Amino acid sequence: TVTNSAGVAAGMMAEYVMGAMLHFAQNRHVFAQAQRRREWLALGVEPVAGRTALIVGLGNTGAAVALRAKAAGLVVLGCRARPRPTPDVDEVNGEADLLTLLPRADFVAVCVPLNESTRGLFGPEAFAAMKPGGVLIDVSRGGVVSGAALVAALEGGRLKGAALDVFETEPLPPEDPLWSRENVLITPHCSA
């Protein structure tokens, strides 16, 4: 008998992605910093409904993210190797369309496997194409997102933030600059 466990953690990973979307839409990272300073901060929160999520990779995890994002009222864009209509996805595009999709997305959920076509997929060019104030959520595999390119995009103020569950080197080294970013959520490859 040959078996695999593909998709067994898709639901939990999708909840992680949705939690990250809500975290940044509600400015929880900013409120947490203000709380530590004991500062009553006059800042609002924003709904996720009506905003746009781009899901890069529409396998089991990406499909689970799409289901939850659609239920939350987001416009859902998808990018997959072989485009085809996908439940809960308003528009499905191929890998070659990634750079034209990124400027449209408030949230980008990276859910692809690591292979030759996805290694370094999110490098300087992808981050330059992202919508200013966008949020990157990475639940893929270490190596899909370039840590150096992400740090540059965060330091340049291009992104509102990032939620990262996977890294090029795990555990993430203590000296990595991502640790000190107050607009980055770091988890130890536990979204599943």
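Modeller: Let us begin with burial: a residue is called buried under 20% relative accessible area, exposed over 50%, and partly exposed in between, with a 1.4 Å probe and protein chains only. Aspartate 106, at 12% relative accessibility, therefore counts as buried. Please note that this is a predicted model, in which local features need pLDDT of at least 70 and side-chain atom pairs count only at pLDDT 80 or more, while totals for chains, interfaces and linings use all residues. Residues are numbered from 1 along each chain as its sequence is written, and side-chain values use heavy atoms, with hydrogens and water left out.

Biologist: What share of the 192 residues in the protein chain is buried?

Modeller: Buried residues account for 47% of the 192. The accessible surface, from the Shrake-Rupley method with a 1.4 Å probe and, for residues, only the protein chains shown as cover, comes to about 9700 Å², of which carbon and sulfur atoms supply 55%.

Biologist: How many helices and strands does the protein chain have, and in which order do the elements run?

Modeller: Both are DSSP runs numbered from the N terminus: helices are H or I with at least four residues, strands are E with at least two. The protein chain has 6 helices and 7 strands. From the N terminus on, their order is α-α-β-α-β-β-α-β-α-β-α-β-β.

Biologist: What radius of gyration does the protein chain have, against that of a compact globule?

Modeller: The radius is taken over C-alpha atoms, and the globule rule is 2.2 Å times the number of residues to the power 0.38. For 192 residues the rule gives a value near 16 Å, and the protein chain agrees because its own value is 16 Å. The C-alpha trace spans about 55 × 35 × 35 Å along its principal axes.

Biologist: Among contacts between residues at least 6 apart in sequence, what percentage joins residues at least 24 apart?

Modeller: A contact means heavy atoms within 4.5 Å. In the protein chain, 60% of those contacts join residues at least 24 apart.

Biologist: How many salt bridges does a search of the whole structure find?

Modeller: Side chains of opposite charge can pair when their charged atoms come close. The criterion is a side-chain nitrogen of Lys or Arg within 4 Å of a carboxyl oxygen of Asp or Glu. The search finds 5 salt bridges.

Biologist: Where do lysine 70 and aspartate 90 lie?

Modeller: These two side chains meet in a salt bridge of 2.8 Å, N to O. Lysine 70 is in helix α3 (residues 60–71), and aspartate 90 is in the loop between β2 (75–80) and β3 (91–94), so that distant parts of the chain, 20 residues apart, are linked. Lysine 70 is partly exposed at 32% relative accessibility, as is aspartate 90 at 44%.

Biologist: Which residue forms a salt bridge with glutamate 91?

Modeller: The partner is arginine 104, with the closest N and O atoms 2.9 Å apart. Glutamate 91 belongs to strand β3, and arginine 104 to the loop between α4 (98–101) and β4 (107–110), 13 residues apart. Glutamate 91 is partly exposed, with a relative accessible area of 28%, and arginine 104 is partly exposed with 38%.

Biologist: Which residue does aspartate 106 pair with?

Modeller: Aspartate 106 forms a salt bridge with lysine 131, the closest N and O atoms being 2.9 Å apart. Lysine 131 lies in the loop between α5 (124–129) and β5 (134–138) and aspartate 106 in the loop between α4 and β4, so this pair ties together parts 25 residues apart in sequence. Lysine 131 is partly exposed, with a relative accessible area of 28%.
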